[in-house]
Amino acid sequence: MWEWLAKARFFFSGKRRVEVDEEIAFHLERQVEVNLAAGMSPEEARRRAAIVFGGRERAREQCREQRPSWSVELLLRDMRFAVRGLFRNPGLTTVAILTLALAIGANSTIFSLMSQALLRALPVRDPQQLVVLSYAGSHEGHTHSEGGNTPGHRHEFSYLMYRDVRDRNTVFSGLIASAQSAVGATWNNHAEAVTAEMVTGNYFSVLGVRPAVGRLFDGGDETAEGANPVVVLNFDYWKSHLAEAPVEGRTLLINGQPFTIVGVSAPGFHSVEWGRTPNVYVPITMQRVVEPEWKYLSDRNSYWINLVGRLRGGVKPEQASASLNVLFHGLREQEFTKLHDQSAKARKEYVDASHLNVEAGARGFSPLRDDVRMPLLIIMGMVVLVIAMAVVNVASLLLVRAANRVREFSVRYAMGATAPQILRQLLCEGMLLGLAGAALGIAIAPEALRLLIQWMQGSTGDPSAFTATLDWRVFAFTAVAMLAGSILFSLAPAAQFWNPRLADALKQQLSTGVGGSLRFRRTCVALQIGFSLLLMVGAGMFVRTIENLRHVNPGFATDHLLAFGLAPELAGYPGPAVVPVELRALEAIKNLPGIRGVGATNDADLTDEGREGDVYVTGFQEKPAADEFDVELPWVSNDYLQTLGVPLVAGRYFNRSDTSTSQRVAVVNESFVRHYFGSPQAALGRHTGRPDRPATDAVIVGVTADVKHTSVQDPVLPMCYTLFEQAPRPSGLTFYVRTWQKPEEATNAIRAAIANIDSKLIVSKVTTMSGEIDENLLAQRTIALLAMVFGALAALLAGIGLYGILAYSTAQRTREIGIRMALGAQRGSVVGLILRETLLLAGCAVAATVPLAILGARAVRSQLYGVSIADPMIYAAGIAGICVVAVLAGFVPARRAASVDPARALRTD
Amino acid sequence: MPTSIDLLQGTLDMLILKAIANEPQHGLAIAQRIQQVSNNVLQVGQGSLYPALHRLEYKGWIKAQWGTSENNRKARFYSLTAAGRKHLAAELDNWERLAGAVNLVLAEI
């Protein structure tokens, strides 16, 4: 203890060098006096004293080494030395640091996103106990899906099925259900469209989510249909939209109905489903208020909620599955007896083939995750390639540098430096490079992450499922790995000096390069060229994909088209009042100046939305064994088809004579006609509608051309348009307004026109159609952008690497080139010599990489559109790019080599 | 000059501590004292004396003060600290046990 204090004291104050000097001087003087007293001559006395004392400098040095701060001083000295060493070569140092920073920054950014999307467990209690339920088997009735289904794994259940399973199972300590929907929320007389998650009463308690304010739901909030007008706010929404106001007990209007706010959920929690970002939570029993057009709660054939269970302690998912399936089969059997179709085939599909899947749900069920997995994996692949290149680049740069320093180190050795001292210096240089790289990386990573999320979020401004927080474990791992790498490679040259042959080394510049390490560096460069070709081909494919997608003709003109959502129900309009107000809105917008046309649909175009179902067509008998043929069933306004510009093939468009009280009419597209009739003319006058719903029966009056609906890259669907005012129930609509000027300029006029009808009406999601398409192409756009950036970076890195090695090897060959030129070689032929070497190297690398690139492209086929994985144009462009980079990188050293003065080159050494 | 014995590092530390146990001394006096008392058997390499002194000082066992030497010159005088005294006692104890044990073994064999 005492010792430590003393050390600490000396650490800071230390002893001044002068004191040591004075002390030693005194010692020597006294010794001389003693010797004089013993009768020696002054000369002899001094000599003897010095001999007895020994090495004065050494003693002084040793005194200093005793200082507790010595190791730190030593480190600082080495660091200063290393900094000087690095500054002597600023270009190389900058490139190395930038490369490292890039690798660290890019890696941390992408892996932070990856871990959020693919790896991280939900922020709930014991997430590993959660399981996601899905089922196999046929279904009859309405399904509301958020996506993420695969054959045999449907994730939607009916509420009644949920209650049966919840109340009668023996394996769960809790089973929760949820669904998401858009609602209108009014706070302080300000109405806006928000996202509501309908949840069961036990939702928060089973997940173990705590309230930030007030209370969350419990069993008492899920009593009977329509009986629980309470709401819990999401923390982020409360913070950003309600300014953290005291909300407990106050009223929030949801779709015009008063709900009492009981609390705010804990910060960081969004939903049991990763990717959902609800603003408010309401009891599932309030479904009729949230989605007035549907009546789900009491209908066994409405599938609309996702189920997540928490297993009892000790119960394995397999055990749970066995026990649950007995229950599930029994319930399906009961349900089957109430169904319309009682055939043996239907029974086989509904009961016998049914199965309940119990799957690990720590990370939550997430269609969004399925969507982002492939793009993220592709981006990750690109990042890994870039990092590999960066590492190879830094390694080869450091090796080139080391080779150029053989002389320096040899001289230092000769002057008496010890091997550990040189090692320490190299270590310091490596560490400094690594640290500087990490520091720069840490500076760019959060910003890069923010930009990337913003980019992915697009223009909607919806809360993103991603949070812009860097994963520190990922960052630390990458930084440490890079640090270790740079230290390792800075130490590598030490092997050459471990057993130095000084004379050889000093004559080094005579030799034509050290064969082994030159080969290693060549391999490095070949690898870099290969990697960059891979990235450039990838970039080519993704850029072509996005180009193709951008230029896909959806069948109608997408320019000058403004889109927005209007759902009167969100403003509290009761069912019968919805259609009239929507008709008024259409009329009002149509009369605005600068508007070419306006139409509306309940099934937005090119936004990955769909409303499909099976239909009957009079005079058409489905083959008995045929698979169900689903048709897209949008409800549209009178002028919708004309406004979009969907070409008419036969019959007529909807027109003024079609009203809510006239004969129900339908317009179908060519795909529809092809399946049912063969020719457009044969379709006219037939009746079509949903099976068992007489109210949907309509007569086909027109046939239109096929246009894209779900998205530009998905195939055309068979369509059956009907009029929304003739539909069996009201619905919110997406309006499309064709303008003369830029569509954005019409926004204010439209908002004003709608507000003029009723200021409570919420105009939501205002975008342009081209913006919408971009939104829809988000994944491809992101990949294409990053692929281009990474491709350019890769080319740059390869160029630098190539330049490094060529500069080195030409410097080594100065003498050889001098001899050649002395013997009559022309400058041109010398340049050719160097460039030939470069191109040979590039050629070998390209030949080895092309098959790899084709394999890689095969792996990402699902993200490509209209591009062959062996598209010769893309490969040719990539190879041409590589050649340009190679020639550029080779030209400078080649020029330098050609300008060698033969006489001087020969006289060197 | 009589044959001298090289000193182990720990031993030198102990001798220095012992040499200044009674009164503060400067470096040369310490070296001379060790040499005299040991009848010139123990030669302190003077070059290694100062690093040792500094080491002991950094460890907090001795402290140094500027004083006036016998010839009226400014010199650094070293004296024991409380911790140094304790350390010396422990070292002596150790040494006696070691020497006793070695003697015992040598006497027996």
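Helix H11 (residues 317–337) of chain A packs against helix H12 (residues 344–352) of chain A at an angle of about 145°, with the axes 9 Å apart. Axes are lines fitted to C-alpha atoms, for helices over the stretch in contact, and angles run from 0 to 180 degrees between N-to-C directions. Helices are DSSP runs (H or I, at least four residues), numbered from the N terminus.

This is a predicted model: local features need pLDDT of at least 70, side-chain atom pairs count only at pLDDT 80 or more, and totals for chains, interfaces and linings use all residues. Residues are numbered from 1 along each chain as its sequence is written, while chains are lettered from A and ligands numbered from 1 in the order in which they are written.

| H11(A) | A:His329, A:Arg332, A:Glu333, A:Phe336 |
| H12(A) | A:Arg347, A:Tyr350, A:Val351 |

By class, this contact has 3 nonpolar, 1 polar and 3 charged residues. Ala, Val, Leu, Ile, Met, Phe, Trp, Tyr, Cys and Pro count as nonpolar, Asp, Glu, Lys and Arg as charged, and the others, Gly among them, as polar.

A:Glu335 also lies in H11 of chain A. A:Glu335 is buried because 20 other C-beta atoms lie within 10 Å (buried means 20 or more, exposed 12 or fewer, partly exposed in between; C-beta atoms are placed from the backbone). A:Glu335 and A:Val351 are 16 residues apart in sequence and 9.0 Å apart in space, C-alpha to C-alpha.

Notes
Helices (H or I, at least four residues) and strands (E, at least two) are DSSP runs, numbered from the N terminus. Two residues are in contact if their C-beta atoms, placed from the backbone, lie within 7 Å.
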